[in-house]
Amino acid sequence: MRTVSEPPPAALETAAPPRGGVRVVTVHYRTPERLLACLAALERERIGWDGLDVVVVDNASGPGPDGEDMALALGRAIESRGWGGWVRLVASPDNRGFAAGNNLGLATELEGRPTPAFHALLNPDTEIEPGALRRLARFLEEQPEAGIVGPATELGEGNLQNTAFRFPGIVNAFDEALHLGLVSRLAARWRLQPPPRQEPHPCDWLSGGCLVVRREVVAAVGPMDEGYFLYY
């Protein structure tokens, strides 16, 4: 697995599209305003690039504040914004969690749309910078040994978050529990959450907030383990 940091927005806006298409899967639960903002950012990403489409899985959000079913309201909002040609809404009959919701989205086909070369798992409360998904997919095209790539992520402008992690073990679990300066310095090379880096680098695992995965990897590894409802 590799993670890649994003360049400044000006560079992203001119990023060339990848040769293969990208299908985004996003699992929604009771945050319709954030989801619509996420889709609006993806609409900007599609400018000059028809290779991006989206499957939204509504995880049985149920009625909203006005009593109307959220999935129905989202479906109308998608159509009213003219997104129906590249966004498909799938209503799950029950909420079986993050992994099951993504599996449902990964198994969904979009009529009239080509099979994508890459799948992107994207949280509905994210807003991507223009060109970000293009660059991530192109990274996988240029690095055939990489199966999954993730971006740098900001929580507010300039507040870079950890998105590339090491596997848990005795040393970093001890460090996470104690948070003692000397122990942390000694355990730095095994730290579960190393500081964010600006250059592409290998890592053990990536945040599920945004993952771009080769279609062949999904086919080889199989669906996500639905025993994990959310997080780990």
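This is a predicted model: local features need pLDDT of at least 70, side-chain atom pairs count only at pLDDT 80 or more; totals for chains, interfaces and linings use all residues.

Helices (H or I, at least four residues) and strands (E, at least two) are DSSP runs, numbered from the N terminus. Beyond helix 3 comes Gly 82, with a positive phi near 75°.

Within helix 3, which spans residues 70–80, the buried residues are Met 70, Ala 71, Leu 74, Ala 77 and Ile 78. They share the same side of the helix because they cover an arc of only 120° around the axis, the arc being that of the directions from the helix axis to the C-beta atoms. Buried means under 20% relative accessible area, exposed over 50%, and partly exposed in between (1.4 Å probe, protein chains only). On the face turned away from the buried side are the exposed residues Leu 72, Glu 79 and Ser 80. The buried residues of helix 3 pack against strand 2 (22–28), helix 2 (32–45), strand 3 (52–58) and strand 4 (87–91).

All five residues of strand 5 (residues 118–122) are buried. Phe 118, Ala 120 and Leu 122 point one way from this strand, whereas His 119 and Leu 121 point the other way.

His 119 is buried, with a relative accessible area of 8%. Not counting residues up to four places away in sequence, His 119 touches Arg 23, Leu 106, Leu 211, Val 212, Val 213, Arg 215 and Val 218, where contact means heavy atoms within 4.5 Å.

## Nonpolar cores

A nonpolar core is a set of buried Ala, Val, Leu, Ile, Met, Phe, Trp, Tyr and Cys residues joined through side-chain atoms within 4.5 Å. The largest has 32 residues, of which Val 24, Leu 39, Leu 42 and Leu 133 touch the most other members. Two or more residues of this core come from each of strand 2, helix 2, strand 3, helix 3, strand 5, helix 5 (132–142) and strand 12. Apart from this core lies another of nine residues, among them Leu 106, Leu 121, Ala 164 and Val 213.

Leaving aside neighbours within four places in sequence, Leu 133 is in contact with Val 24, Leu 42, Glu 45, Leu 52, Ala 120, Ile 128 and Val 212.

## Strand 6

Val 149 belongs to strand 6 (residues 148–151) and is buried, with a relative accessible area of 0%. Val 149 and Arg 214 are separated by 65 residues in sequence, and their C-alpha atoms are 9.1 Å apart in space.

## Confidence and conventions

The mean pLDDT of the protein chain is 87, and 84% of its residues reach 70 or more; pLDDT is the predictor's confidence in each residue, from 0 to 100. Residues 1–11 have pLDDT below 50, and this stretch has 46 contacts in the model beyond near neighbours in sequence.

Residues are numbered from 1 along each chain as its sequence is written, and side-chain values use heavy atoms, with hydrogens and water left out. Local features need pLDDT of at least 70 and side-chain atom pairs count only at pLDDT 80 or more, while totals for chains, interfaces and linings use all residues.
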